[in-house]
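Got the sequence and the 3D view open? Let's go through some charged pairs and some greasy side chains together.

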Amino acid sequence: GKITKNAWVDYSATSTIVGWSSFTVKDIQYLISGNIVHVRGLISGTSNSTSASFTMPMNYTGGNSFGSLNISVIDNGISYQPPGIARILSTTNNMLFFRDGILSTWTASGTKQINFSFSFKIN
């Protein structure tokens, strides 16, 4: 599909999302400005996996991996502090989410939520 630049694009329906059996909110948006992709959104619902991830329409082309601390998370109904981490390996389009800075896995039941805003580089 076409990748739009300089406008927010709703990617919620197209993304492959892993970690939820159902959603109360599923919102993934991106904006491309030059070679930087800005991503924002909220995914909330019932957890069915110890992982959480979604795909983007383009690959990350930065270094070996990307991490961000601008993620608020709820796991099994509990809000975790400090904020969660988003991570992506170079040349992939799969955004991985962890509930804390030590890359802890999620509970495979209850309410799981990620509220995120971050940016990454593409060519």
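Here are a few questions and answers about this predicted model.

Q: How many salt bridges does the structure hold?
A: Let's start with the general idea. Side chains of opposite charge can pair when their charged atoms come close. In this model, the number of such salt bridges is two.

Q: Which residue meets Asp75 in a salt bridge, and how far apart are N and O?
A: Asp75 sits in strand E6 (residues 65-75). Its partner is in the loop between strand E8 (94-98) and strand E9 (111-121), 24 residues apart from Asp75, and the pair links distant parts of the chain. That partner is Arg99, with an N to O distance of 2.7 Å.

Q: Is Arg99 buried or exposed?
A: Buried means under 20% relative accessible area. Arg99 has a relative accessible area of 17%, so Arg99 is buried.

Q: How many residues are in the largest nonpolar core?
A: Phe54, Phe97, Phe116, Phe118 and Phe120 have the most contacts inside this core. Among the elements giving it two or more residues are strand E3 (20-33) and strand E4 (36-47). As for Phe97, its contacts include Ile71, Trp106 and Phe116. The core's residue count is 27.

Notes
Residues numbered from 1 in each chain as written. Predicted model: local features only at pLDDT ≥ 70, side-chain atom pairs only at ≥ 80, totals over all residues. Heavy atoms only, no water. Salt bridge = Lys/Arg side-chain N within 4 Å of Asp/Glu carboxyl O. Helix = DSSP H or I, 4+ residues; strand = E, 2+ residues; numbered from the N terminus. Buried < 20%, exposed > 50% of the residue type's maximum accessible area, 1.4 Å probe, protein only. Core = buried A, V, L, I, M, F, W, Y, C linked by side-chain atoms within 4.5 Å. Contact = heavy atoms within 4.5 Å. Lists of a residue's contacts leave out its neighbours within four places in sequence.
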